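This report describes one protein model from its surface contacts to its sheets and core. The structure comes next, followed by the description.

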Amino acid sequence: MQIVVQKELVLLDEEVTAVKFYPNPNTGQFQILVQNLSAGRLNGRLFNAAGQLVGETDWLITQAQAELSWQTLPQLPAGLYLLQLWDAEGKHYSQQMIIQN
């Protein structure tokens, strides 16, 4: 006897949150596009490859879609960085970024 289990993904009238970071790689200046994010504070933190915090900022999200800008300090060396965002509901988003000089 063979038993086959199939799983289905069902979305219930919830809008999917989208967070896009671009361009990547970049020169230390990049954009963050957020869609369907809850209104409130959005916290961003940038970490280097050693895990050290090298930048932090907050934005106030008032619309369902927003395009945000981030400019790093000019003295950041080229390399791999991790950008992390936390929204007002505590949801976490992260993306590796390559900064080139």
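Lysine 91 is partly exposed, with a relative accessible area of 40%; buried means under 20%, exposed over 50% and partly exposed in between, using a 1.4 Å probe and protein chains only. Its side chain meets that of glutamate 89 in a salt bridge, with 3.4 Å from N to O. A salt bridge here is a side-chain nitrogen of Lys or Arg within 4 Å of a carboxyl oxygen of Asp or Glu. Glutamate 89 also counts as partly exposed, at 49% relative accessibility.

The model is predicted: local features need pLDDT of at least 70 and side-chain atom pairs count only at pLDDT 80 or more, while totals for chains, interfaces and linings use all residues. Residues are numbered from 1 along each chain as its sequence is written, and side-chain values use heavy atoms, with hydrogens and water left out.

The whole structure holds two salt bridges. The table lists them.

| Salt bridge | N to O distance |
|---|---|
| Arginine 45 and glutamate 56 | 3.1 Å |
| Glutamate 89 and lysine 91 | 3.4 Å |

Arginine 45 lies in strand β3 and glutamate 56 in strand β4, so this pair ties together parts that are 11 residues apart in sequence. Arginine 45 is partly exposed, at 31% relative accessible area, and glutamate 56 is partly exposed at 45%.

The protein chain has zero helices and seven strands. Helices (H or I, at least four residues) and strands (E, at least two) are DSSP runs, numbered from the N terminus.

Two strands count as paired if DSSP finds at least two bridges between them. Strands of a sheet pair through backbone hydrogen bonds, either parallel or antiparallel.

β6 and β7 pair over eight bridges.

Glutamine 84 belongs to strand β6 and stands opposite serine 94 in β7. Is glutamine 84 buried or exposed? At 15% relative accessibility, glutamine 84 counts as buried. Leaving out residues up to four places away in sequence, glutamine 84 touches Asn43, Gly44, Arg45, Phe47, His92, Tyr93 and Ser94, where contact means heavy atoms within 4.5 Å.

Another open sheet has three strands in the order β1-β2-β5, again with antiparallel pairing. β1 and β5 are the edge strands, each pairing on one side only. β2 and β5 pair over seven bridges, and glutamine 29 stands opposite glutamine 71 in β5.

The largest nonpolar core has 20 residues, and among those with the most contacts inside it are Ile32, Trp59 and Leu85. Such a core is a set of buried Ala, Val, Leu, Ile, Met, Phe, Trp, Tyr and Cys residues joined through side-chain atoms within 4.5 Å. Each of the strands β1, β2, β3, β4, β5, β6 and β7 supplies at least two residues of this core. Beyond its neighbours within four places in sequence, isoleucine 32 is in contact with residues including Val19, Trp59, Leu68 and Leu83.

Of the 101 residues of the protein chain, 33% count as buried.
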